[in-house]
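Please keep the sequence and the structure in view while reading.

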Amino acid sequence: MNLPIFSFHFFFSECSFTYEEEELSLADVCSFFEKIGLNLGSDPLQKLTSGYKQFLLEHFSELTKHNPEFHGVVHSIKNEPENSFFMVFHLGNGQPFPQEQFDKIDLYVDAIHRVENIEKLELNELPMDEINKLYQMYIEYYKNHLNPFEELYAYTSIKSNSKVMTKISSQEGTEVKLCRFCFKDSTKITFKKKAHAISRGLGNISIFCLDECDECNEHFGTTIENDLMAFLSVQRMSVVNKALEVPYENLKLKNDGNITVIENISESIVEHEDFAELTLEPKEKFIPKNLYKALCKVALSIISEQADLDSLQDTIKWVRSTELTSHDSLMNIGLFHELNAELHVKIHMWTRKGEDKNLPFKIIRLEIGQTSILYALPFASNQNSGLDLESLINKLKIFKDKEIAWKSVEDVHPIKIKTTLRIPRKT
Ligand SMILES: [Zn+2]
């Protein structure tokens with residue numbers, strides 16, 4: 001495959017995407033920038049004037065003729081308010097935009113749009129002091145809450161709300177493709193189905209893993225994913241079908257944007273000052289060890305570096321196998337709740353920067369509804385066995401303000417656990 005000479009990454013206030021084409025030549029790049037009134041050395045910060053918006057819409061609409069994926073881009077640009085600000089970075093030689101910078105740039109664009117009457121200002125009129133102050137506040141928040149592992153781990157995140165399709169693969173352009181889960185190659189198996197990197201049942205319609213074969217897709221869909229769905233039955237209400245009515249043993253709830261209780265057959269609501277706390281008894285059981293496997297499968301699906309996957313061969317084999325006994329003890333997972341529900345699934349992934357085998361190679365936080373699940377991948381070849389995520393979190397003094405409940409995932413029998421849900425009081 002020829003690498004594109006250049007690609008662009010756009011950060012709008014509502015979405016961000018990479019635009020790259022294999023055939024993009026330097027001349028194309030120059031004319032692209034010329035048309036939108038930029039030269040290659042320009043400041044990445046730009047204002048989306050009506051002319052600009054028009055040009056981008058025309059340019060990407062043209063591309064949808066050959067590549068339907070650009071419909072998402074066109075849709076996103078259409079929704080972007082005129083005279084808002086955005087950033088565009090151009091990258092050479094097909095380099096991807098450094099994932100670690102994504103969240104910080106999003107925060108910067110966010111800080112700009114907090115300025116009063118921002119749409120009336122020109123680029124050179126932006127109150128940079130005010131914006132920088134706000135951005136510094138955001139960065140403090142980022143360090144304390146979003147990426148508290150920054151010293152030891154590289155951070156990436158992925159969210160399922162994107163209108164733009166994300167396709168994950170560690171082997172782009174190779175002729176014979178390998179399934180990352182069963183290691184069989186494309187001469188023996190097929191890759192016809194779209195494999196959701198995060199389960200469809202968690203509301204993901206835009207993030208796909210291209211390296212999962214149809215057999216594995218079928219296998220995961222009929223086994224461990226059911227445990228994940230059963231475990232998250234309460235939280236799923238926030239991220240899937242809004243009008244969904246979800247019955248539990250003791251309560252009937254409805255979610256039409258706000259979650260309301262429509263039937264209560266027990267004393268399971270406790271009123272607090274700011275919220276009502278419901279204790280829900282799900283109908284379905286799950287097997288804790290399968291739940292952990294399913295969480296690991298989600299994490300394995302969003303990795304795009306082959307070297308990382310190479311270190312996780314044993315993890316992959318364990319996730320793909322049906323055996324429930326394991327040769328090693330498993331790390332506990334941590335659960336905590338927040339009052340504000342995430343309306344889209346978000347996965348935060350930290351990858352260890354150094355060689356310290358006493359630190360887990362990959363740490364993950366899966367955020368769905370009001371719940372966050374903290375876990376680490378087991379059996380990586382570059383980490384010691386018998387690690388303990390809980391003591392690491394305590395030692396690093398991170399997530400201090402969260403009440404984390406640590407759960408063992410060793411159990412191989414189906415269980416039910418009660419889940420709490422907090423409904424904020426309307427003011
Ligand atoms: Zn496979």
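Helices (H or I, at least four residues) and strands (E, at least two) are DSSP runs, numbered from the N terminus. This is a predicted model, in which local features need pLDDT of at least 70 and side-chain atom pairs count only at pLDDT 80 or more, while totals for chains, interfaces and linings use all residues. Residues are numbered from 1 along each chain as its sequence is written, and side-chain values use heavy atoms, with hydrogens and water left out.

**Overall composition**

The chain holds 12 helices and 16 strands. A residue is called buried under 20% relative accessible area, exposed over 50% and partly exposed in between (1.4 Å probe, protein chains only). Of the 427 residues of the chain, 49% are buried. Contact means heavy atoms within 4.5 Å. Among the contacts with a separation of 6 or more, 70% join residues 24 or more positions apart.

**The zinc site**

Donors are N, O and S atoms within 2.8 Å of the metal (3.2 Å for Na, K and Ca); water is not among the atoms, so sites may look incomplete. The zinc ion has as its protein donors the SG atoms of Cys179, Cys182, Cys213 and Cys216, at 2.2 to 2.3 Å. Cys182 and Cys216 are both buried.

Four donors count as tetrahedral if all angles lie between 85 and 135 degrees; four count as square planar and six as octahedral if opposite donors are over 155 degrees apart and all others between 65 and 115, and anything else is irregular. The arrangement around the zinc ion is tetrahedral because its 4 donor atoms subtend angles of 106 to 113°.

**Helix 6 and helix 11**

In helix 6, the buried residues include Asp214, Cys216, Asn217, His219 and Phe220. Their cover includes helix 7, helix 9 and helix 11 (313-320). In helix 11, Thr315, Ile316, Trp318, Val319 and Arg320 are buried. The cover of these residues includes helix 6, helix 7, helix 9 and helix 10 (306-311).

**A cavity and a pocket**

On a 1 Å grid over the protein atoms alone, a cavity is a set of points where a 1.4 Å probe fits but cannot get out, and a pocket is an open set with protein on both sides within 12 Å along at least five of seven lines; lining residues have an atom within 4 Å of a point. Grid points are joined across faces, edges and corners, and a volume is the space filled by probe spheres set on the points. Ala, Val, Leu, Ile, Met, Phe, Trp, Tyr, Cys and Pro count as nonpolar, Asp, Glu, Lys and Arg as charged, and the others, Gly among them, as polar.

The whole structure contains 1 cavity of 30 Å³ or more. The volume of the largest cavity is about 40 Å³. Its lining includes His196, Ser199, Glu225, Leu228 and Lys297. Helix 7 (224-231) and helix 9 (288-301) are the elements that give two or more residues to this lining. By class, the lining has 6 nonpolar, 2 polar and 2 charged residues.

Ser199 lies in the loop between strand 6 and strand 7. Ser199 is buried, at a relative accessible area of 3%. Beyond residues up to four places away in sequence, Ser199 touches Asn204, Glu225, Leu228 and Met229.

The second largest pocket has a volume of about 430 Å³. Of its 16 lining residues, Leu335, His337, Glu403, Ala405 and Thr420 are the closest to its centre. Strand 16 gives the largest share of the lining, 3 residues. The lining divides into 5 nonpolar, 5 polar and 6 charged residues.

**Individual residues**

| Residue | Phi | Relative accessibility |
|---|---|---|
| Asn117 | about 50° | 43% |
| Phe183 | about 65° | 30% |

Asn117 is in the loop between helix 4 (99-112) and helix 5 (128-146), and Phe183 is in the loop between strand 6 and strand 7.

Pro424 lies in strand 16. Pro424 is partly exposed, with a relative accessible area of 45%. Pro424 and Ala276 are 148 residues apart in sequence, yet 6.6 Å apart in space, C-alpha to C-alpha.
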